[in-house]
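Here are a few notes to read alongside the structure.

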Amino acid sequence: MTHTHVENGTRWLEQAGVRPTRQRVTLASLLVGDGQHRHVTAESLFEAAKGQGDAVSLATVYNTLRAFCEAGLLQEVTVDGSKSYFDTNTHDHPHFFWEDDGRLTDAPSEQLVIAELPDAPDGAEIASVDVVIRLRRKSAKG
């Protein structure tokens, strides 16, 4: 990891008022160090940290990702009610979920039109709308 990655990760944390501990800076640098948006799972981020020799437990990764979400740094996207992905792009936008390899990618938001939502039940309000479009590769026709 380069010095620039670490600086970018530290700045990202500080701008959100998150204390830049060593482990948070490590994970933040992996998430935003190169300036690109990405979608990660706790497991994939854990493996990335381990792959560069950083000693961070999986429990710490989970707790840190939750803290980053609470600080508004990440958006959690849940697929199938059980698999969570964490997105560095926190603006409202749709996603493609690639069933064949379990990847989450951004879908073009300018092509999505939601004309109307149903009324929320009495005593409730709509907090957010998540759009996940599930994809699978077309089978080759022979």
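1. A definition to begin with: a salt bridge here is a side-chain nitrogen of Lys or Arg within 4 Å of a carboxyl oxygen of Asp or Glu. Please keep in mind that this is a predicted model. By that rule, R136 and E99 form a salt bridge, with their closest N and O atoms 3.2 Å apart. The pair connects distant parts of the chain, since R136 sits in the segment after β6 and E99 in the loop between β4 and β5, 37 residues apart. R136 is exposed, at 61% relative accessible area.

2. E99 has another partner: its side chain meets that of R134 in a salt bridge at 2.7 Å, N to O. Because E99 lies in the loop between β4 (95-98) and β5 while R134 is in strand β6, this pair ties together parts that are 35 residues apart in sequence. E99 is partly exposed at 29%, and R134 is partly exposed too, with 40% relative accessibility. Together with D80, the residues E99, R134 and R136 are linked in a network of salt bridges.

3. The count of salt bridges comes to seven. One of them joins the side chains of D34 and R38, at 2.9 Å from N to O. D34 is partly exposed with 36% relative accessible area, and R38 is partly exposed with 22%.

4. Now have a look at helix α4, residues 58-70. Its 13 residues reach 19 Å from the first C-alpha to the last, close to the expected 18 Å. Which residues of α4 are buried? They are T60, V61, T64, L65 and F68. These cover an arc of only 130 degrees around the axis, so they lie on the same side of α4. An α-helix has 3.6 residues a turn, so residues three or four places apart point the same way.

5. What do the buried residues of α4 pack against? Their partners are α1 (3-15), α2 (22-32), α3 (42-51) and β3 (83-87). The face of α4 turned away from the buried side carries the exposed residues N63 and E70. Just after α4, G72 takes a positive phi of about 85 degrees.

6. Leaving aside neighbours within four places in sequence, T41 contacts K83, S84 and Y85.

7. Finally, the surface: L112, I114, L117, I126 and V129 form a nonpolar patch there, with about 400 Å² of accessible area together. Of these, I114 is placed in the loop between β5 (103-106) and β6 (132-135), and is partly exposed at 45% relative accessibility.

Terms used. Residues are numbered from 1 along each chain as its sequence is written. This is a predicted model: local features need pLDDT of at least 70, side-chain atom pairs count only at pLDDT 80 or more; totals for chains, interfaces and linings use all residues. Side-chain values use heavy atoms; hydrogens and water are left out. Patches are made of residues with over 30% relative accessible area and no salt bridge: like charges are joined within 9 Å, nonpolar side chains (Val, Leu, Ile, Met, Phe, Trp, Tyr) within 5 Å. Accessible areas come from the Shrake-Rupley method with a 1.4 Å probe; for residues, only the protein chains shown count as cover. Helices (H or I, at least four residues) and strands (E, at least two) are DSSP runs, numbered from the N terminus. Buried means under 20% relative accessible area, exposed over 50%, partly exposed in between (1.4 Å probe, protein chains only). The expected span of a helix is 1.5 Å times one less than its number of residues. The arc is that of the directions from the helix axis to the C-beta atoms. Contact means heavy atoms within 4.5 Å.
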